[in-house]
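The structure comes first, and the notes follow it.

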Amino acid sequence: MPDPYSLRVNGVDCEVADSDLAESLLFVLRERLGLTGTKNACTEGECSSCAVLIDGVLTCSCLVLAATAADQEITTVEGLGDGRDELSVVQEAFVHEGAVQCGFCTPGLIVAVHDLLEANTEPSDGDVREALSGNLCRCTGYGRILAAVHSAAATKRSGS
Amino acid sequence: MSDVVVARSLDEAQEALAHQPDATVLAGGTDLMVEINRGLRRPRHVVGVAQVPELHRWSVADNRVVVGAGVTYTEMMTTALADAAPALAQAARTVGSPPIRNAGTLGGNLGTASPAGDTLPVLAALNAEIVVTGPDGERRMGLDDFVVGVKQTSLRPGELIVAAELDRPRGRQEFLKIGPRNAMVISMAGLALVADHDARTVRCALGAVAAGIPRARDAEVWVAERIDWDDGAAVSDAVADEFGQRVAAAASPIDDHRSTAAYRRHAVAVLATRALKRAFAQGGGDDA
């Protein structure tokens, strides 16, 4: 793998220079590319704060060796909204339902909920809990997060 | 780390490993990256195999299931593999969380060779043959000859895990596991049980209760003689309970940060009893 190498993030080709090849995708996103929406907490896959989509697949970016993700399509929380200033349906629902407290887990949750609602716009409580079972939130007790997911799903079903 | 090769085909992966036989193979990253992130490991050479299409293949035949080393836990749960190897799907379902299951692979579980690797008891109970390829060609071996100690395999330098080939017996399969919660749990004790109504055998293997993945062979033979194979009557509570005790005798657990030896031995007995009752409930059993 040549150094520098290139990553395609949110539709943009980004050159990663002066990096150590042992760096995780999480580290490269935050420290090399300045995309700090993806959060760094456990670095062992326990918390999903660093969740991103790689070729559309929900993945913990801390467990990806960045250099191996060259040529793949990486979508971070910054790439989910339709436009620069627009919140996505999921983000809007989180704000509206008060599902954000300290906010640290929120980006990972937003990415995971996007992933869930892509596959299932009528999730049961069990579906939601299962889909978010890897996302740790230490503030909310998850009740408002559940409400936000159902609210976002309803919005999606109504086609707006 | 001085170089990272991203292999796009089996040939490329083998070539890279022939060139650097001491390279570390990286599949889903759910084990290796944890160690790299913590600074516990710093491999000089890495060969990434997550994008090798040949390793993602799986197939189901009448008596045999072949699972490529790159097949993820999510794929074990969501494809026709789940019907062909139900215990494998059940084990996959207990691993981590959706993003972990999207990344982690059967080959990675084998390569890490942790006693708590959730697919490993299933492979043992399904008489898996592990297929590896390397400079000396292809080798096949049972799980006992592949996992030779705690996190130790018999892989030779330059070898790559290609697939596992599993039996597909006629009968129920169960995988059960104990941990402090349902999601994101590393096993404190695990058990796979497979009924084979043609061979009239029961096969039972244990996880996280020994250095390797023991089969409870004495208990298997004992219980096979006490099952009503012809009429499909449910196993009695007494037989199921004694089976549990006999399976527990095959465990050699230790005290560690996840559990105690005494609890693990108790848990394995409970799991064995429960799995047997499910596999041989009244009138059921051979419809799987």
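This is a predicted model: local features need pLDDT of at least 70, side-chain atom pairs count only at pLDDT 80 or more; totals for chains, interfaces and linings use all residues.

**Chain A**
- Chain A has 5 helices and 5 strands, arranged along the sequence as β-β-α-β-β-β-α-α-α-α.
- Along the principal axes, the C-alpha atoms of chain A fill a box of roughly 45 × 30 × 25 Å.
- Of the 160 residues in chain A, 46% are buried.
- Taking contacts in chain A between residues at least 6 apart in sequence, 60% join residues at least 24 apart.

**Contact between chains A and B**
- Chain B and chain A each give 25 residues to the contact.
- On the side of chain B that touches chain A, two or more residues come from each of strand 1 (3–6), helix 2 (32–37), strand 3 (45–48) and helix 6 (98–103) of chain B.
- Helix 6 of chain B provides the largest share of that side, 5 residues.
- By class, the side of chain B that touches chain A has 16 nonpolar, 7 polar and 2 charged residues.

**Helices 10 and 11 of chain B**
- Helix 10 (residues 217–224) and helix 11 (residues 237–248) of chain B pack at an angle of about 160 degrees, with axes 8 Å apart.
- The two helices of chain B are therefore roughly antiparallel to each other, and their crossing is right-handed.
- B:Asp218, B:Ala219, B:Trp222 and B:Val223 in helix 10 meet B:Val239, B:Phe243, B:Arg246 and B:Val247 in helix 11.
- This helix contact has 6 nonpolar, no polar and 2 charged residues.

Definitions and conventions: Residues are numbered from 1 along each chain as its sequence is written. Chains are lettered from A and ligands numbered from 1 in the order in which they are written. Axes are lines fitted to C-alpha atoms, for helices over the stretch in contact, and angles run from 0 to 180 degrees between N-to-C directions. Helices (H or I, at least four residues) and strands (E, at least two) are DSSP runs, numbered from the N terminus. Angles under 35 degrees count as roughly parallel, over 145 as roughly antiparallel, 65 to 115 as roughly perpendicular and the rest as oblique. A crossing is left-handed if the near helix is turned anticlockwise from the far one by less than a right angle, and right-handed if clockwise. Two residues are in contact if their C-beta atoms, placed from the backbone, lie within 7 Å. Ala, Val, Leu, Ile, Met, Phe, Trp, Tyr, Cys and Pro count as nonpolar, Asp, Glu, Lys and Arg as charged, and the others, Gly among them, as polar. A residue is buried if 20 or more other C-beta atoms lie within 10 Å of its own, exposed if 12 or fewer, and partly exposed in between; C-beta atoms are placed from the backbone.
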